[in-house]
Amino acid sequence: MGTLRDLQYALQEKIEELRQRDALIDELELELDQKDELIQKLQNELDKYRSVIRPATQQVHKQSVLQEHQRTKRQAISAEPTAFDIHELSHVTLPFYPKSPQ
């Protein structure tokens, strides 16, 4: 065994180790609390963005569904020239090409 003085010294070392561990635990708990606060803040911001984005995306989705169901207006191309007056073309004769029944 050791003397009383050796035991007291060993006890002091153990007490100092415990204080260091307690200080480290306190620091880690503080860091954990700060991270919890950050997580909560970010969660609140995310909820805000979701509340704005969901209605907007639902509205866009509804519009796209409505557009799919609506008939699209198509534009046609006329084979007739628009630069000429129909009366000017009345004297023009078109060539005739005979065709066989086949």
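Is Glu27 buried or exposed? Select Glu27 and have a look: Glu27 is exposed, with a relative accessible area of 54%. On the scale used here, buried means under 20% relative accessible area, exposed means over 50%, and partly exposed is in between, with a 1.4 Å probe and protein chains only.

Before going on, some ground rules. This is a predicted model, where local features need pLDDT of at least 70 and side-chain atom pairs count only at pLDDT 80 or more, while totals for chains, interfaces and linings use all residues. Residues are numbered from 1 along each chain as its sequence is written, and side-chain values use heavy atoms, leaving out hydrogens and water.

**Stop 1: the whole chain.** Show the cartoon: the protein chain has 1 helix and 0 strands. Helices (H or I, at least four residues) and strands (E, at least two) are DSSP runs, numbered from the N terminus. Glu27 sits in helix H1, residues 4-69. Of the 102 residues in the protein chain, 0% are buried.

**Stop 2: the acidic patch.** Select Asp22, Asp26, Glu27, Glu29, Asp33, Asp36 and Glu37, which gather in a surface patch of negative charge. Patch members have over 30% relative accessible area and no salt bridge; like charges are joined within 9 Å, and nonpolar side chains (Val, Leu, Ile, Met, Phe, Trp, Tyr) within 5 Å.

**Stop 3: the salt bridges.** Side chains of opposite charge can pair when their charged atoms come close. The rule here asks for a side-chain nitrogen of Lys or Arg within 4 Å of a carboxyl oxygen of Asp or Glu, and the count comes to 2 salt bridges.

- Pick Arg19 and Glu16: their closest N and O atoms are 3.9 Å apart. The two are 3 residues apart in helix H1, so about one helical turn separates them. Arg19 is exposed at 54% relative accessibility, whereas Glu16 is partly exposed at 37%.
- Then pick Glu31 and Lys35, with closest N and O atoms 3.3 Å apart. Being 4 residues apart in helix H1, they are also separated by about one helical turn. Glu31 is partly exposed at 37% relative accessibility, and Lys35 is partly exposed at 47%.

**Stop 4: the nonpolar patch.** Finish with Tyr49, Val52 and Ile53, which make a nonpolar surface patch of about 340 Å². Tyr49 lies in helix H1 and counts as exposed at 56% relative accessibility.

Definitions and conventions. Areas by Shrake-Rupley, 256 points an atom, 1.4 Å probe, with all protein chains shown as cover. Lys, Arg positive; Asp, Glu negative; His and termini not counted. Charge placed at Lys NZ, Arg CZ, Asp CG, Glu CD.
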